[in-house]
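Trainee: Could you walk me through how to read the features in this one? I'd like the general idea each time, then the actual case.

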Amino acid sequence: MLQENVDYYINEDGNFVFTKEYHLKRGYCCKNKCLHCPWSNGREKDTEQTNKK
């Protein structure tokens, strides 16, 4: 059973956002560029994202 504020939270737009803890429990990357992906597969590095702003 998923726990709010542990496995996910609901953002200001009303979307469910999975946490890093959830992804680690799941054990693999789905390659959907998730915000809190601990593997960062398919996502730009934080430094590259900040430079584009």
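Mentor: Let's start with charges: a salt bridge is a side-chain nitrogen of Lys or Arg within 4 Å of a carboxyl oxygen of Asp or Glu. The structure holds one salt bridge. Keep in mind that this is a predicted model, where local features need pLDDT of at least 70, side-chain atom pairs count only at pLDDT 80 or more, and totals for chains, interfaces and linings use all residues. Residues are numbered from 1 along each chain as its sequence is written, and side-chain values use heavy atoms, with hydrogens and water left out.

Trainee: Which side chains meet in the salt bridge?

Mentor: Those of Lys 25 and Asp 7, at 2.7 Å from N to O. The pair links distant parts of the chain, 18 residues apart: Lys 25 sits in helix 1, and Asp 7 in the segment before strand 1 (8–10). Helices (H or I, at least four residues) and strands (E, at least two) are DSSP runs, numbered from the N terminus.

Trainee: Is Asp 7 buried or exposed?

Mentor: Buried means under 20% relative accessible area, exposed over 50%, and partly exposed in between (1.4 Å probe, protein chains only). Asp 7 has 2% relative accessibility, so Asp 7 counts as buried. Lys 25, at 57%, counts as exposed. Over the chain, buried residues make up 15% of the 53 residues.

Trainee: How many aromatic pairs are there?

Mentor: A pair of aromatic rings is described by the distance of the centres and the angle of the planes. The rule takes rings of Phe, Tyr and Trp (its six-membered ring) with centres within 6.5 Å; planes under 30 degrees apart are stacked, over 60 edge-to-face, and the rest tilted. The count comes to two aromatic pairs. Tyr 8 and Phe 16 have ring centres 5.0 Å apart and planes at 35°, so that pair is tilted. Phe 18 and Tyr 22 form a stacked pair, with 4.2 Å centre to centre and 20° between the planes.

Trainee: And how accessible are those residues?

Mentor: Tyr 8 is buried at 13%, whereas Phe 16 is exposed at 54%. In the other pair, Phe 18 is partly exposed at 30% and Tyr 22 is buried at 18%.

Trainee: Where is His 23?

Mentor: His 23 is in helix 1 (residues 20–26), and it is buried, with a relative accessible area of 1%. Not counting residues up to four places away in sequence, His 23 touches Phe 18, Tyr 28, Cys 34, His 36, Cys 37, Pro 38 and Trp 39.

Trainee: What lies over the face of Tyr 28?

Mentor: A charge sits over a ring if NZ of Lys or CZ of Arg is within 6 Å of the ring centre and within 35 degrees of the ring normal. Here Arg 26 lies over the face of Tyr 28, at 4.9 Å from the ring centre.

How values were computed
Contact means heavy atoms within 4.5 Å.
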